[in-house]
Amino acid sequence: MDGERPQQERMSLRERKKQLTYEAVSEAAIAMFLERGFDKVSVAEVAAAADISKPTLFRYFPAKEDLVLHRFADHEDEAARVVAARADDESPLDALRRNFLDGLERGDPVTGLCGVPAVLAYQRLLYGTPSLVARLYAYQGRSEAALARALGDRVRDRLAAGQIIAVLRVLALENWRRIDAGESAEQVYASAVESAELAFVQLRTGLGEQG
């Protein structure tokens, strides 16, 4: 056991170093994209700015779009984690509703209800670039698959996961659009909560949640 601990610690250090590299390269790339536009910055320029080679960059980020969407990676399995960690007497939809409402209260960018200028600039880059929007669907597809597995991975679970992830996306996008149009997060909050409540009522009614 003692011999295994140093190896586990080294693995942990390697993972942390890898994560720091991911974040540093992604942040450098996003800064360049925000300044000049996604399509006007090459992968070679990003690699040079990060002081790594193109092949190394592609080992971290398989596609140029992933440099931007790296921020979504930690949220891919969020819905699945919420369902898996719920209390025994809490249904999956109740747990997801609670989590989303908590996110609205915190101003979590994932809910779209965040007026921080840097977050808004990032979201304008994301939603204003067709190739990024297209790539985002791949991330959401993985979220859907993870949630389906957490629900049981039966056909009805996959159907439910597809509807839930779509609803969360629509809610977040609506919140972001309103804030991007000039409303403050405080102004949008009450109606964002109302929309979320309506959405989960419709999900529960439409899905006929069982157990």
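**Entry 1: helix α9.** I began with the length of α9: at 1.5 Å a residue its 26 residues should span 38 Å, and its end C-alpha atoms are 38 Å apart, which agrees. The expected span is 1.5 Å times one less than the number of residues. I note that the model is predicted, that local features need pLDDT of at least 70 and side-chain atom pairs pLDDT 80 or more, and that totals for chains, interfaces and linings use all residues. Residues are numbered from 1 along each chain as its sequence is written, and side-chain values use heavy atoms, with hydrogens and water left out. After α9 I found G182, whose phi is positive, near 125°.

**Entry 2: overall make-up.** I recorded ten helices and zero strands in the protein; these are DSSP runs, helices being H or I of at least four residues and strands E of at least two, numbered from the N terminus. The C-alpha trace spans about 55 × 55 × 30 Å along its principal axes.

**Entry 3: packing against α9.** I looked up α8 and α9, which pack at an angle of about 135° with their axes 8 Å apart. That makes α8 oblique to α9. Their crossing is right-handed. I then turned to α7 and α9, whose axes come within 11 Å and cross at roughly 115°. These two helices are therefore roughly perpendicular to each other, and their crossing is left-handed.

For the terms, axes are lines fitted to C-alpha atoms, for helices over the stretch in contact, and angles run from 0 to 180 degrees between N-to-C directions. Angles of 65 to 115 degrees count as roughly perpendicular; under 35 is roughly parallel, over 145 roughly antiparallel, and the rest oblique. A crossing is left-handed if the near helix is turned anticlockwise from the far one by less than a right angle, and right-handed if clockwise.

**Entry 4: the largest pocket.** I found about 810 Å³ of space in the largest pocket. Of the 35 residues that line this pocket, F72, H75, E78, V110 and T111 are the closest to its centre. A pocket here is an open set of points on a 1 Å grid where a 1.4 Å probe fits, with protein on both sides within 12 Å along at least five of seven lines; lining residues have an atom within 4 Å of a point. The volume is the space filled by probe spheres set on the points.

Helices that each supply at least two lining residues include α8 (130-151) and α9 (155-180).
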